[in-house]
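Let's take a friendly walk around a protein model, one feature at a time. Have the sequence and the 3D view ready as you read.

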Amino acid sequence: MQTETSSPSLQRSKRFATIALVMAVITWLALMVAAKLLPEYVWLIHILMLSAEAGVVGGLADWYAITVLFRNPFGKMPIPKFLRDHTEIIPRNKARIAESMGRFVQENFLSPQIVQRSRASTDLSLAGGRWLANPSNNLQVTQVIQQTVPKIFEFVGQEQISGFIQTNSVQWVKNTQINHLASEMLRAVLENDFHQDVLQRGLDIAHAWMTSHPQQTRELTRQLFKEMGVWRLAKGASWIGIDVQQRSIDSVIQRVEAMLADPDHPWRLKIEESAQQLMLQLADNTSEASQRLNTAKDALLDSPQVLNFISGAVVILCDAIKADLEKPDSGIAENLRIAIQQVGENIMSNTSVRELLNQRMSALAVDLSDQYSEKVIRFISERIHEWDSREMIDKIENEVGGDLHMIRVNGVVVGAFIGLALGIIRAAVEYGL
């Protein structure tokens, strides 16, 4: 496998280290010559020679220590086994390094206890809310959606989307007993008094329409009488001066006005009682109301006309969404951006929501770390095991080799100063300085 090119920092450090070692060797050799030529200064030259020797020894020792981390500096030379076994330290211990790195990641990043402590000290929901509320961020999210959704529609195709919805969603609805859903919806409406608002609004609309459209009201009443088979009787009564049709209309208007004025009107209570009974019946799978509702639902979904309508509606909706998102001034994109910003602002302002989100995210993070930390560690270890030794050495040396080779420079310099100090001490003892 082709080795990775050395980084400029690594090459520079190697060059400095080599120059420092060569200078120490040259200085040592020059001082030996000077000791022969200048015997009267031999005591000073010996001090400097000891400094140069110590610099050479320090540089060579550090070169050896750094080299054996990555490779065997002896090549195929016959050397004692205890020396050979302590060369190529990183390649020889690749498996142990892989396991150690895996354990390090698990113990310091992925353990449930670490994840829980980290989550407890961080308000992620607040940070997320601030990020979403930032106009540049929610605009960026919206632009990604605006660019991605049309491409998804083009890649998948409206027909495939329609087929997916028809095959899965419609089938899911078929397999669902919707009587329970209807019962819960009725319960929510009744317990929150939504039915009173709906009834009040409906009565207001009916009263306003009947009083402002007398002719249409009479026509509607005539049709109703015909359906009930009493139209001729009502018409005959009109010959003797009794307008049954108008009296019926007036009676209905009076009833509506009475219900509008009295929240406890008997008819209101009767409607609420009927809704309560229907809610209880729908909660029972065996009740006639539940069976009728589910039968009607199945018949509706089995209708080819309904399925064709759903397919056509999905295609039309996808086309409309795609066309709107492709516009520079897309209304869907702008509404989506506003919604994202409002979500972020609501998260920031609502402490209880943030606490709930933090609890849920913390529980999820701990659960995920508990379930998948071992798999992540195994994945890391397996990838390190699979690395080529030469490639691994090159990567590590490129990352930290520059600093390691500067240690060689330090070895020469520090060794020289130590040798200088030892030389001065020896000269003081020998020559009585």
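V33, L37, L38, Y41, W43, L44 and L48 together make a nonpolar surface patch of about 650 Å². A patch takes residues with over 30% relative accessible area and no salt bridge, joining like charges within 9 Å, or nonpolar side chains (Val, Leu, Ile, Met, Phe, Trp, Tyr) within 5 Å. Areas come from the Shrake-Rupley method with a 1.4 Å probe, and for residues only the protein chains shown count as cover.

Helices α1 (8-37) and α2 (42-70) each supply at least two of the patch residues, and α2 gives the most, with three. Helices here are DSSP runs (H or I, at least four residues), numbered from the N terminus. V33 sits in α1 and is partly exposed, at 49% relative accessible area; buried means under 20%, exposed over 50%, and partly exposed in between (1.4 Å probe, protein chains only).

This is a predicted model, in which local features need pLDDT of at least 70 and side-chain atom pairs count only at pLDDT 80 or more, while totals for chains, interfaces and linings use all residues. Residues are numbered from 1 along each chain as its sequence is written, and side-chain values use heavy atoms, leaving out hydrogens and water.

## Helix α18 and its buried face

Now find helix α18, residues 331-349. Which of its residues are buried? They are A333, R337, I340, Q341, G344 and I347.

## Three salt bridges

How many salt bridges does the structure hold? There are three, each being a side-chain nitrogen of Lys or Arg within 4 Å of a carboxyl oxygen of Asp or Glu. R292 pairs with E288, with the closest N and O atoms 3.0 Å apart. Both lie in helix α16, four residues apart, about one turn of the helix. R292 is exposed at 52%, and E288 is exposed at 56%.

K322 pairs with E326 at 2.9 Å; K322 is buried at 17%, whereas E326 is partly exposed at 46%. Finally, R337 pairs with E334 at 3.1 Å. R337 and E334 are three residues apart in α18, about one helical turn. An α-helix has 3.6 residues a turn, so residues three or four places apart point the same way. R337 is buried at 17%, while E334 is partly exposed at 35%.

Methods. The expected span of a helix is 1.5 Å times one less than its number of residues.
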